[in-house]
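Let's walk through this structure together, one contact at a time. Please keep the 3D view open as you read.

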Amino acid sequence: MNYKIIGKYIKELNFNIPNPKTFFLLTENISNYKINIDINSLSVKKNIIEVMTSLSLSPTKNDFEQINTKIIYSTLIELNKKVEKEELERIILIEVPSNIYSELRKIFISLFENSGFKDIKINESVDFEKLYKMKKAQ
C-alpha cells in the first residue's frame, strides 16, 4: 500500500428536519429519498491529503419536502512515496472511501435511528471502483 490513514473525523454534520409535517412525510415516504455520495480531496501539505467523503439524502421527486441531511467524513492520508496521477485518483476515489464507508454508513444510520426513523435503508457496501469507472467513461 502506498499510503496510510493517519486520521479520521466528522468534518461537517447537518441533520435538519424543518418541521413536524416533514418528519411525518419522511417517516411515511423514506423510500422516495435517495442517498448521494460525493468524494473530494485537498492537499494539506507535502504527502498528506484530506479525502472528504460525503453522504446526503435527497428526494427522488420534486414534490417531496426537502430535508437537510449531510455528513462529510474526512480521512487524512499520508503517501509513502510519490505516486502517479492515476494511482492517486484510485487511492482517493476508490481505496480510501472503500476503507471508511462502513464507519460513515454506521454514523449516518445512527442519526436517523436516534431521530425516530427505523426503516432507513442504506447499502451496506458501495462498489467505488464501479463508480470510478462510470465517471471516467463519461
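**A guided walk through the contacts**

Start at S74, whose side chain makes a polar contact with the side chain of E50 at 2.7 Å. A polar contact here is a pair of N or O atoms within 3.5 Å; within protein, one must be able to donate a hydrogen and the other to accept it, and residues adjacent in sequence count only if both atoms are side-chain atoms. Before going on, note that this is a predicted model, in which local features need pLDDT of at least 70 and side-chain atom pairs count only at pLDDT 80 or more, while totals for chains, interfaces and linings use all residues. Residues are numbered from 1 along each chain as its sequence is written, and side-chain values use heavy atoms, leaving out hydrogens and water.

S74 sits in strand β4 (residues 68-79). Helices (H or I, at least four residues) and strands (E, at least two) are DSSP runs, numbered from the N terminus. With a relative accessibility of 0%, S74 counts as buried. Buried means under 20% relative accessible area, exposed means over 50%, and partly exposed is in between (1.4 Å probe, protein chains only).

In β3, E50 is the bridge partner of L42. Strands β2 (residues 33-45) and β3 (residues 48-59) run antiparallel and are joined by twelve bridges; two strands pair if DSSP finds at least two bridges between them. Two residues lie between the strands of this hairpin, and N47 takes a positive phi near 70°.

Now look for the rings. The whole structure holds three aromatic pairs. Rings of Phe, Tyr and Trp (its six-membered ring) pair if their centres lie within 6.5 Å; planes under 30 degrees apart count as stacked, over 60 as edge-to-face and the rest as tilted. Y101 and F128 are edge-to-face, because their planes stand at 70°, with ring centres 6.0 Å apart. This pair links distant parts of the chain, since Y101 is in helix α2 (residues 85-113) and F128 in helix α3, 27 residues apart. Y101 is buried at 5% relative accessibility, and F128 is buried at 3%.

F108 and F112 make another edge-to-face pair, with centres 5.3 Å apart and planes at 75°. Both lie in helix α2, four residues apart, or about one turn of the helix. F108 is buried at 0% relative accessibility, and F112 is buried at 0%. Ring pairs join F15, F108 and F112 in a cluster.

Six salt bridges turn up in the whole structure, each a side-chain nitrogen of Lys or Arg within 4 Å of a carboxyl oxygen of Asp or Glu. One of them joins E89 and K136 (3.3 Å, N to O). E89 lies in α2 and K136 in α3, so this pair ties together parts 47 residues apart in sequence.

E129 is partly exposed at 29% relative accessible area, as is R90 at 28%.
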